[in-house]
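Let's walk through this model together, one part at a time. Keep the sequence and the 3D view side by side as you read.

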There are 2 protein chains.
Amino acid sequence: MSSSSAVPAAKPPMRDALVAAAFRLFLERGYEQTTVDDIVALAGVGRRSFFRYFPSKEDVVFPDHERCLADMTAFLAASGAEHEPVRRVCDAARMVLGMYAENPTFSVQRYRLTRQVPGLRAYELSVVWRYERALAAYLRGWFAGQPDGTLRADVIAAAVVAAHNNALRSWLRSDGAGDAGAAVDHALGCVQRAFGRPAEVAGRAGGSGPAPLWGAGRADDVVVLVSRRDAPVWQVVREWEAALGRG
Amino acid sequence: MSSSSAVPAAKPPMRDALVAAAFRLFLERGYEQTTVDDIVALAGVGRRSFFRYFPSKEDVVFPDHERCLADMTAFLAASGAEHEPVRRVCDAARMVLGMYAENPTFSVQRYRLTRQVPGLRAYELSVVWRYERALAAYLRGWFAGQPDGTLRADVIAAAVVAAHNNALRSWLRSDGAGDAGAAVDHALGCVQRAFGRPAEVAGRAGGSGPAPLWGAGRADDVVVLVSRRDAPVWQVVREWEAALGRG
DNA sequence: GCCACCCCTGACACTCAGTGCAGATGTATG
DNA sequence: CATACATCTGCACTGAGTGTCAGGGGTGGC
């Protein structure tokens, strides 16, 4: 089972040779100054073969994002009802980080390229967008039915992606020094606290309250009580006790 | 002062003619089936003139985003210290919506195009990304110095854009029926409540609380109380009264 | 009225990304 | 050895985008 079988993930060496040749040229003379002909000449293959493995010149810069996206989608699809959804999408984001952290030097080189080539930046945006849509689709399924469910799903997905990217980029900017995982954990932790499990809200004392607060979160043994400022104290106490289940 | 002066915004009619010709062809035979030569032939101008007014074929689909982005940036730059930052970026997002709402039919047509043409979707993403970066840059300046300031800025900017897009897209999907402004107001209101002014948190009764919650918000006459589950009622009441300023 | 000047426009030629097609090569199976 | 199949290569073609230059229609000075 060395290289045969029907496994579609069996990497042909040509693909890797093209990636290597491409990056070598991109780094020494820039992305836009390198033509596809240059790449295939260095790799010693025909021009047509390049487009067999990469649908466009940009794709060679992100050789394994397609697989990573598929992995993430599978991860979300395999989620059961026992998983807390916000935590789950944060874990999915951590998976993506793992792909970057696998080979830091490659990720840093690519980061520098995408920073200075507008076309690559646009391409990366479309990749990130697909990740974000996958997260949002998962959350939409979870929040389906509840008011503003799709809105909430979209916002949380965007926040998770933004937090992930914030930590990832600062790690990449530091040339891959430090612990990327810890940075992303911290960033995602903030988002999780902000959006995590729909508040164990104690209810709203004093009549009709404001629109529901997404952010009113619960962190283990902490209870959040939302109330109108002019509510009488006895009503607040009653709501408080009700929230604890002793009412 | 009909058409002379040094005003750079004096629109040449040729630009509008190109947009009109382009959309006419895009709608009747599709974006990818229309070449730039087709457009200039219909508009009766030379091919080179197209690229004088639009740097790429995609740009003709978003003829006024550049101006809108400049307007939004100016709006943020003109913000003083008296503006609450999250509200300010939400208002900036409302400005963008205004541009879409100006001519609904055009916006709906463009939406249908971008939905089904991957290249246009990617282009729109890069446009949206620039809006998001402008919002984030403004917030970063505001949160500069405080812990996780850039993270918070990035997350809020992403959330605002996601909420805006959620409402905008559902409006566009309904062919421009209904009140777009109200929908965006509602969506942005949710984000504002979630991230707005750092909670008038009543304090944390019963010892050290959880990590700070971004989301613990305040909405006018509403007070949020965070407390440990095992705090005695008398302590909760004391914190509550202290928060109201009567303690 | 005439000329110099300048900006806008159009036409041609060119590079390069991406695609379709036909043929060459290599390999496993009968 | 012959056949079927997959992979690779070369070639020709479309279309986007750019550099360059010549012509044309205004404007200001003489």
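In which loop of chain A is Asp175(A) found? Asp175(A) is in the loop between helix 8 and helix 9 (180-195) of chain A; helices here are DSSP runs of H or I of at least four residues, strands are E runs of at least two, and both are numbered from the N terminus. This is a predicted model, in which local features need pLDDT of at least 70, side-chain atom pairs count only at pLDDT 80 or more, and totals for chains, interfaces and linings use all residues. Residues are numbered from 1 along each chain as its sequence is written, while chains are lettered from A and ligands numbered from 1 in the order in which they are written.

Asp175(A) has a phi near 60 degrees, a positive value in a residue other than glycine. Most residues other than glycine have a negative phi. Asp175(A) is exposed because 12 other C-beta atoms lie within 10 Å. The cut-offs are these: a residue is buried with 20 or more other C-beta atoms within 10 Å of its own, exposed with 12 or fewer, and partly exposed in between, with C-beta atoms placed from the backbone. Asp148(B) sits in the loop between helix 7 (118-143) and helix 8 of chain B, and with 17 other C-beta atoms within 10 Å it is partly exposed.

Now step back to chain A as a whole. It has ten helices and two strands, and from the N terminus on the elements run α-α-α-α-α-α-α-α-α-β-β-α. Of its 247 residues, 36% count as buried. How confident is the predictor? On the pLDDT scale, which gives its confidence in each residue from 0 to 100, chain A has a mean of 83, and 74% of its residues reach 70 or more. Two stretches call for care. Over residues 1-9 of chain A pLDDT stays under 50, and the model has two contacts there beyond four places in sequence; a contact means that the C-beta atoms of two residues, placed from the backbone, lie within 7 Å. Over residues 198-213 of chain A pLDDT also stays under 50, but for these the model has 46 such contacts.

Helix 7 (residues 118-143) of chain A has 26 residues, which should span 38 Å at 1.5 Å a residue, and its end C-alpha atoms are 36 Å apart, in agreement; the expected span is 1.5 Å times one less than the number of residues. Among its buried residues are Leu120(A), Tyr131(A), Leu135(A) and Trp142(A). The cover over the buried residues of helix 7 includes helix 4 (65-77), helix 5 (85-102), helix 6 (104-116) and helix 8 of chain A. Helix 8 (residues 149-173) of chain A reaches 36 Å from its first C-alpha to its last, close to the 36 Å expected for its 25 residues. Because 20 of those 25 residues are buried, helix 8 of chain A is largely enclosed by the rest of the structure.

What lies in the interior? The largest nonpolar core has 82 residues, of which Ala159(A), Val160(A), Ala159(B) and Val160(B) touch the most other members. Such a core is a set of buried Ala, Val, Leu, Ile, Met, Phe, Trp, Tyr and Cys residues joined through C-beta atoms within 7 Å. Leaving out residues up to four places away in sequence, Val160(A) touches Val89(A), Cys90(A), Ala93(A), Leu135(A), Leu188(A) and Val191(A). Apart from this core lies another of 16 residues, including Ala21(A), Tyr31(A), Phe54(A) and Leu120(A). In helix 8 of chain B you will find Ala162(B), which is buried, with 27 other C-beta atoms within 10 Å. Not counting residues up to four places away in sequence, Ala162(B) touches Asp154(A), Val155(A) and Ala158(A).

Finally, turn to the DNA. Around DNA strand C there are 15 residues, the closest being Thr35(A), Ser56(A), Lys57(A), Gly46(B) and Ser49(B); a residue is near a strand if its C-beta atom, placed from the backbone, lies within 6 Å of it. Helix 3 of chain B gives the most to this surface, with three residues. DNA strand D is also surrounded by 15 residues, and the closest are Val45(A), Gly46(A), Ser49(A), Ser56(B) and Lys57(B). Near DNA strand D, helix 3 of chain A gives the most, with three residues.

Key: pLDDT is the predictor's confidence in each residue, from 0 to 100.
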